[in-house]
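Student: Can we go through this one together? I'd like to start with the helices.

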Amino acid sequence: MVTAPRPWLHGFLDLCLLAMLRERPDYGYGLAQRLAAAGVADVPGGTLYPALLRLEQQGLAEPRWQPSESGPRRKYYAVTEAGRAALDAQVAEWQRFRDGIDLLVTAGAAR
Amino acid sequence: MSGTPPGLPDPAGDRDGRDGWTGGRDGWTGRFEDELLRLGLQPARARRLAEETAQQAAESATAPDALFGPAHLYARHLLTELNTAAPPAAVPPRATQPGAIQPGAIQPGAIQPGAVRPGAIQPGPVRLRLTGVGKRYRRRTVFSGVDLTVRAGEVTAIVGANGCGKSTLLRICAGLTRPTTGTVHRTRRVGFVPQDGGTAGWLTAGEHFRLFGAAAGLAARRAGSTGEHLAARLAWRPEPGQLAQHLSGGTRQKLNLVLGELHAPDLLLLDEPYQGFDQGTYLDFWKQVLAWRDAGKAVVVVTHLLHDLQHVNHVHDLGAAQ
């Protein structure tokens with residue numbers, strides 16, 4: 001069983017991927033690096049690539065093969081219109097969730 | 001390539017080992033494709049997924065087994081992941097609580113209802129259909145108006161709080177309890193695994209196999225060897241002469257599972273069959289459920305463990321159906 005190091009990332013991985021793709025199209029390894037650089041998580045390939053395929057299958061992200069200067073060609077993903085709409089919905093959901101957690105964790109810590 | 005960290009390694013780090021595993025049907029990619037085919041994927045789609053997976057490994061300059069683990073396990077994992085996103089097509093809207101039980105599937109709004117799952121095994125003929133089923137004991141209504149359709153190649157979970165009638169509903173599915181209202185249509189070959197009981201303490205595992213086999217019209221030797229074979233798939237080798245009452249609780253449940261499957265039923269009804277299983281056995285159990293599904297059997301599992309639900313096609317929340 002392949003799991004993300006932090007179990008609660010799982011629910012928000014699609015959100016993170018779509019958000020990064022809205023910023024600019026990217027390929028799997030690049031996305032993994034951006035996630036790591038943001039301090040979100042080191043996402044194993046066995047978690048990342050199925051998620052990307054799923055986004056593609058749902059029509060939320062669109063792949064395009066591109067040659068790379070060094071090494072094999074890469075599969076770049078771009079967000080689709082449906083992907084943007086899904087992202088907006090998920091961002092709203094995330095913010096509600098985050099605000100709720102913030103409220104809970106700061107409630108007793110203030111004094 | 002030793003000591004690969006959990007994340008993706010630096011692509012500039014190791015380029016020498018790349019040749020030999022991006023192309024060709026040999027090695028990891030071949031095994032991966034074979035497993036996809038074995039799981040029932042269309043050959044063209046299996047080939048494309050295998051090629052893409054090899055490409056993904058190549059773009060991070062890592063050997064596929066370092067990036068994804070063993071080929072056959074990743075094939076199953078990938079299919080499960082892709083199927084998890086499938087729309088819960090046959091579940092009535094009131095029975096699903098995606099927010100509550102499937103934190104992984106996070107965009108219900110983005111999924112087209114009724115859309116075909118590409119690459120997924122298409123659900124087969126209906127094996128079980130409940131229409132308007134209700135159960136009342138005297139004046140107490142346990143549940144009412146339950147509609148449920150289970151097809152070949154699908155796993156359905158029945159969830160709900162303690163006392164909401166999950167086990168009663170499963171017994172109605174099996175034909176062991178009569179519903180107060182509604183109709184039940186089921187396939188002829190049904191396997192039922194109760195939550196506990198169901199085995200006789202003074203018989204050995206082998207005697208159970210022959211006894212239950214006889215009831216299903218299996219010859220004694222055939223029943224015995226089939227039982228041994230099924231037990232082995234749950235990592236259990238029955239000891240000759242050991243009575244069921246001397247088995248551990250978990251092993252007795254394995255015996256129950258084997259007995260439920262002995263006569264190769266089309267529909268398997270399981271009532272929390274993993275009581276007393278340790279973690280490894282518990283994972284074996286779910287692997288077995290997915291193997292049944294992929295072999296075209298219809299499976300209904302009563303469960304209260306919500307994290308099990310990543311494995312199932314449909315969820316029927318009995319508490320919410322009130």
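Tutor: Terms first: helices (H or I, at least four residues) and strands (E, at least two) are DSSP runs, numbered from the N terminus. This is a predicted model: local features need pLDDT of at least 70, side-chain atom pairs count only at pLDDT 80 or more, and totals for chains, interfaces and linings use all residues. Residues are numbered from 1 along each chain as its sequence is written, with chains lettered from A and ligands numbered from 1 in the order in which they are written.

Student: How do H7(B) and H8(B) cross?

Tutor: At roughly 125°, with the axes coming within 8 Å. Axes are lines fitted to C-alpha atoms, for helices over the stretch in contact, and angles run from 0 to 180 degrees between N-to-C directions. The two helices are therefore oblique to each other. Under 35 degrees counts as roughly parallel, over 145 as roughly antiparallel, 65 to 115 as roughly perpendicular and the rest as oblique.

Student: Which residues meet there, between H7(B) and H8(B)?

Tutor: From H7(B), Ala205(B), Gly206(B), Phe209(B), Arg210(B) and Gly213(B); from H8(B), Ala220(B), Arg222(B), Ala223(B), Gly224(B) and Gly227(B). Contact needs C-beta atoms, placed from the backbone, within 7 Å.

Student: What about H8(B) and H9(B), how do the axes cross?

Tutor: They come within 9 Å and cross at roughly 130°. That makes H8(B) oblique to H9(B).

Student: Who meets whom in H8(B) and H9(B)?

Tutor: Gly227(B), Leu230(B) and Ala231(B) in H8(B) meet Lys254(B), Val258(B) and Glu261(B) in H9(B).

Student: New topic. How many residues has the largest nonpolar core?

Tutor: It has 50, and Leu269(B) and Val300(B) have the most contacts inside it. Such a core is a set of buried Ala, Val, Leu, Ile, Met, Phe, Trp, Tyr and Cys residues joined through C-beta atoms within 7 Å. Apart from it lies another core, of 45 residues, including Cys16(A) and Phe68(B).

Technical notes. Two residues are in contact if their C-beta atoms, placed from the backbone, lie within 7 Å. A residue is buried if 20 or more other C-beta atoms lie within 10 Å of its own, exposed if 12 or fewer, and partly exposed in between; C-beta atoms are placed from the backbone.
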